[in-house]
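Here is a colleague's note on the structure shown below. The numbered points are meant to be read beside the sequence and the model.

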Amino acid sequence: MRVTVVGSGYVGTTLAACLADAGHDVTAVDIDPDVVAALDDGRAPIHEPGLDDLLAEHAGDRLQSTTEYDSVPDADVTFLAIGTPSNEDGSIDLGGLTAAAEMTGEAIATDANGDAARAAADRHLVVVKSTVTPPGVTEILAALREGAGDAADRVELATNPEFLREGSAVDDFQHPDKLVFGTDSAWATERLESLYEPIVAGAGGDVPTIRTDPETAVMIKYANNAFLASKISLVNDLGNICKEFGIDAYEVADAIGLDDRIGARFLRSGVGWGGSCFPKDVDAIRAAAREAGYEPALLGAAVTVNDGQPERMLDLLDDRADVAGERVAVLGLAFKPGTDDVRNSRAIPIVDGLLARDAAVVGYDPVAAENMRAHFEAGAIEYADSAAAALDGAVAALVVTDWDEFAALDGEFDAMAAAPGADAPVVVDGRRVIERREGIAYEGLTW
């Protein structure tokens, strides 16, 4: 099929590359010429395992990139994958997405030469891949129809939320847990089924597919992320209680995870969730609920628990050492391993707290250091080239991201130093990746 993907950020780039790999002819549209140039060169604008390989294989062949909307009229499906950032009240900003929808409508209404409207029989399916609330679907449809003008009656809007995890997005797309199609007609559903047919076949042919209306489909995405975020906050709350009683929260979690009503996934207590999805989606659905007159108390509690985990980590450090004027290492700056994304990373409040304590902060992350520089003034913190360099001379280390290489650290801790008045250098582990060892004062966040 011929597919146009408008927006080449995290979701759009992954979508375009994976659809090209599935055999479709894809055109990626982005307003940033630097992003288009990178895609043409087979380079992803983000760090995501496997994505560069797909781009290198298909760029210039089944995957074309452009700043123009010229490919839209001839596409079988056009996806909108534009970011929906948060407003101050937690609601989402639809400005970029509605603008893209309007321009897509304008492109549908004309041929490549900008002449008369195409034949009325040419129905066009526009699919929202961006994360939007149910009321947002109506706004996008209105913008699309406004752009299409006289051709509005042959444009149909569908929603197809993504459930990709950063760090495993390519594999998640190619082996989905589920597909959700939000459509208003059998024609649109059949078109999406045809589009995803090679994906389903590649995943073994047995992918649960939910066929529903556009508003319910986007609500499924919010409910999915809100549930997972709340599950993490609940296990963190229980973990904090376990810590107070000297009980290992991971032993408790292993036991309750055997209950098939609970399940073992997302029971790793620690410093909390971050990234671009959970914080934004939970805030957005809370804001939408409040707008509708309902206060979602449980989701509010989930956010409160999550926001408190970094401070609990710092409190454990305070119990062990005074770090004023001392070197402190922060291991892990990305919000999770496998990505360079620092949006809502738990490392940000950790670093803020250390700077408030007048510590000399040195951070290390295998891929995310450059992105973290945008969050702090130049010179505010030091960036090390390795975990060993970050630990050298530090009186304390806080482990914020569970990169595999941190689990392999051993002799590197010997280069640390004890703070004045402390018996040993302190390691506060927020992800349970460091082994207790002689020579360090080890503290687990919930164990």
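**Notes on the model**

1. At 55% relative accessibility, D41 counts as exposed, where buried means under 20% relative accessible area, exposed over 50% and partly exposed in between, computed with a 1.4 Å probe and protein chains only. D41 sits in the loop between helix 2 (33-40) and helix 3 (51-58); helices (H or I, at least four residues) and strands (E, at least two) are DSSP runs, numbered from the N terminus. Between D41 and L333 there are 292 residues in sequence and 28 Å in space, C-alpha to C-alpha.

2. Before going further, please keep in mind that this is a predicted model, in which local features need pLDDT of at least 70 and side-chain atom pairs count only at pLDDT 80 or more, while totals for chains, interfaces and linings use all residues. Residues are numbered from 1 along each chain as its sequence is written, and side-chain values use heavy atoms, with hydrogens and water left out.

3. On confidence, pLDDT (the predictor's confidence in each residue, from 0 to 100) averages 96 over the protein, and 98% of the residues score at least 70. The stretch to treat with care is residues 116-121, where pLDDT stays under 50 and for which the model has 13 contacts beyond four places in sequence; a contact means heavy atoms within 4.5 Å. Where pLDDT is low, the predicted coordinates should not be read in detail.

4. The count of salt bridges comes to 22, a salt bridge being a side-chain nitrogen of Lys or Arg within 4 Å of a carboxyl oxygen of Asp or Glu. Side chains of opposite charge can pair when their charged atoms come close. One of these bridges joins D41 to R43, at 3.4 Å from N to O, and its partner R43 is partly exposed at 44% relative accessibility. Another joins R165 to D172, at 2.7 Å from N to O; here R165 is partly exposed at 38%, whereas D172 is buried, with a relative accessible area of 11%.

5. The salt bridge between E166 and R343, at 3.7 Å from N to O, deserves a separate look. This pair links distant parts of the chain, since E166 belongs to the loop between strand 6 and helix 6 (169-174) and R343 to the loop between strand 9 and helix 12, 177 residues apart. E166 counts as buried at 6% relative accessibility, whereas R343 counts as partly exposed at 42%. Salt bridges that share partners bring E166, D341 and R343 together in one network.

6. Is T159 buried or exposed? T159 is buried, with a relative accessible area of 0%, and it lies in strand 6 (residues 155-159). A polar atom of the T159 side chain lies 2.9 Å from the backbone oxygen of P214. Leaving aside neighbours within four places in sequence, T159 is in contact with several residues, among them V127, V128, V137, V180, F181, P214 and V218.

7. I241, which is placed in helix 8, is partly exposed, with a relative accessible area of 44%.

8. Most residues other than glycine have a negative phi. F266, however, has a positive phi near 65°; F266 lies in the loop between helix 9 (249-256) and helix 10 (278-291) and is partly exposed, with a relative accessible area of 30%. N344 also has a positive phi, near 55°; N344 lies in the loop between strand 9 (327-331) and helix 12 (347-356) and counts as partly exposed at 37% relative accessibility.

9. A last point concerns E251, which is placed in helix 9 and counts as exposed at 60% relative accessibility. The C-alpha atoms of E251 and A229 are separated by 21 Å, the two residues being 22 residues apart along the chain.

Technical notes: A polar contact is a pair of N or O atoms within 3.5 Å; within protein, one must be able to donate a hydrogen and the other to accept it, and residues adjacent in sequence count only if both atoms are side-chain atoms.
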